[in-house]
Amino acid sequence: MNIKKAGEEIVSETFTWLIENFSKLQTGKNYSDVFTIAGFKWRMLIWPKGNKVKSEMQFSVYLCAPIASTLEPGWARSADFSLSVVNQLDSTKTITKVTKGCIKEFKENSREWGFKSFMPLSELYDISAGSLVNDTCIVEAKLNVSIKTGDQGSNVSASLEHSGKELSTVNSVQAADSSPAAKTPRSEFQHTPSSEKVCTTPADDGPTDPSLVKELGEVPTNLTGELMEFRGLGQIKKAFVPLLEEVCSLHPSLIECLHKRNRKVVECAFTALGGVLHFLKTARVKDMTKDGSALLQSLWEDVQMFTFDLAWLEPHVRSALAMKQHLERARRVKRLREDMDLLGNELKRKRAAIAITEVDFKETKRDLEKEEEGFVAIDIDSQLGYGTH
């Protein structure tokens with residue numbers, strides 16, 4: 001959402017990071033993909049296995065600028081932001097920590113600001129708590145970026161987004177340290193008296209396995225025409241909505257099972273379901289190649305992360321996935337038929353050649369019998385002589 005004021009423009013955007021197979025992430029630093037807010041590139045950083053703080057392992061979350069080598073010399077940007085771990089069972093228990101109006105400056109020697117003690121690791125991994133469901137964690141970064149009119153983006157200030165989810169619904173709110181820690185040679189997180197830590201040097205020694213992390217991307221308030229509201233539950237791709245309306249009318253439990261879920265989770269769930277329905281609606285049997293089958297399998301695995309009862313849909317998905325084997329078998333049948341046609345033609349040619357050979361053989365045999373009548377064989381090595389002996 002863009003709000004224009006005298007001399008400035010405020011850009012409100014949210015980045016959501018859906019992290020699957022959370023327990024399989026590597027120890028140490030794991031980064032989201034790079035995303036853009038207000039013309040600046042950002043990314044998020046987590047420590048899924050935790051950092052030890054005062055004898056307790058803590059889950060750490062940061063907002064970062066990209067690798068310094070990808071930015072112009074002397075770059076700098078400022079931001080006031082909030083970071084959240086979404087509670088997927090009860091949105092009122094979502095844990096959010098904010099900078100509380102303290103603007104953080106991101107620059108070459110202080111590219112990462114955030115919270116080393118975001119939440120106890122034991123609380124995060126408590127499956128009944130709601131922060132980690134089906135081995136999936138949802139982390140969000142919210143910014144209101146204020147850009148001065150005519151500013152080219154070199155100096156940007158931001159304030160925490162107060163619209164949408166009110167702070168009164170947040171379970172835990174803390175402020176980040178107001179200054180970065182001293183630079184260290186190994187890019188370790190620094191311990192400061194405030195208990196919140198800042199990494200001030202490039203931290204690129206632990207990239208996240210792309211297969212384990214999915215980025216939902218930026219979700220601006222002014223959603224485009226490609227999305228539309230679905231039954232007041234969330235913004236869904238327009239092409240998916242008629243399909244979702246149809247199946248939700250037939251299977252009301254699809255909506256009932258997400259009744260108490262966070263709006264972002266609901267949007268993710270119905271987007272995933274809509275993706276499967278749209279694929280099955282638009283794809284043809286001929287599309288179920290190796291790539292097509294892999295795409296449907298991926299879509300199906302995505303939707304299974306949520307609590308839908310999909311017993312009615314599974315047979316159709318399995319049938320569609322089986323089309324890959326059908327196509328492979330059809331290709332084998334076609335190839336064998338072509339081979340059979342070639343061999344049949346070769347057999348006809350050889351049979352014709354054999355028929356001609358048989359005729360030649362019979363004629364030659366007949367000629368031989370005529371020549372052998374009354375013929376007496378003579379030793380061709382014997383002397384001819386001249387009658388003296």
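1. Of the chain's 389 residues, 42% count as buried, meaning under 20% relative accessible area, with exposed over 50% and partly exposed in between (1.4 Å probe, protein chains only). This is a predicted model: local features need pLDDT of at least 70, side-chain atom pairs count only at pLDDT 80 or more, and totals for chains, interfaces and linings use all residues. Residues are numbered from 1 along each chain as its sequence is written, and side-chain values use heavy atoms, without hydrogens or water.

2. The chain has six helices and 16 strands. Both are DSSP runs numbered from the N terminus: helices are H or I with at least four residues, strands are E with at least two. Contacts (heavy atoms within 4.5 Å) reach across the sequence. Among those between residues at least 6 apart, 67% join residues at least 24 apart.

3. The chain exposes about 22000 Å², by the Shrake-Rupley method with a 1.4 Å probe. Carbon and sulfur atoms supply 54% of that area.

4. Strand β11 (residues 112-120) has eight of its nine residues buried, so the rest of the structure largely encloses it. It pairs with β6 (residues 56-64) in the antiparallel sense over six bridges; pairing requires at least two bridges found by DSSP. Within this pair, C64 stands opposite E112 of β11.

5. Helices α2 (residues 241-250) and α4 (residues 263-282) have axes that come within 9 Å and cross at roughly 100°. The axes are lines fitted to C-alpha atoms over the stretch in contact, with angles from 0 to 180 degrees between N-to-C directions. The two helices are therefore roughly perpendicular, the class for 65 to 115 degrees. On the α2 side, L243, L244, V247 and C248 make the contact.

6. C268 counts as buried, at 10% relative accessibility.

7. S23 is found in the loop between β2 (8-19) and β3 (30-31). Its relative accessibility is 39%, so S23 counts as partly exposed. Leaving aside neighbours within four places in sequence, S23 is in contact with K49 and D135. S23 and L132 are 109 residues apart along the chain, and their C-alpha atoms are separated by 9.6 Å.

Definitions and conventions
Parallel < 35°, antiparallel > 145°, perpendicular 65-115°, else oblique.
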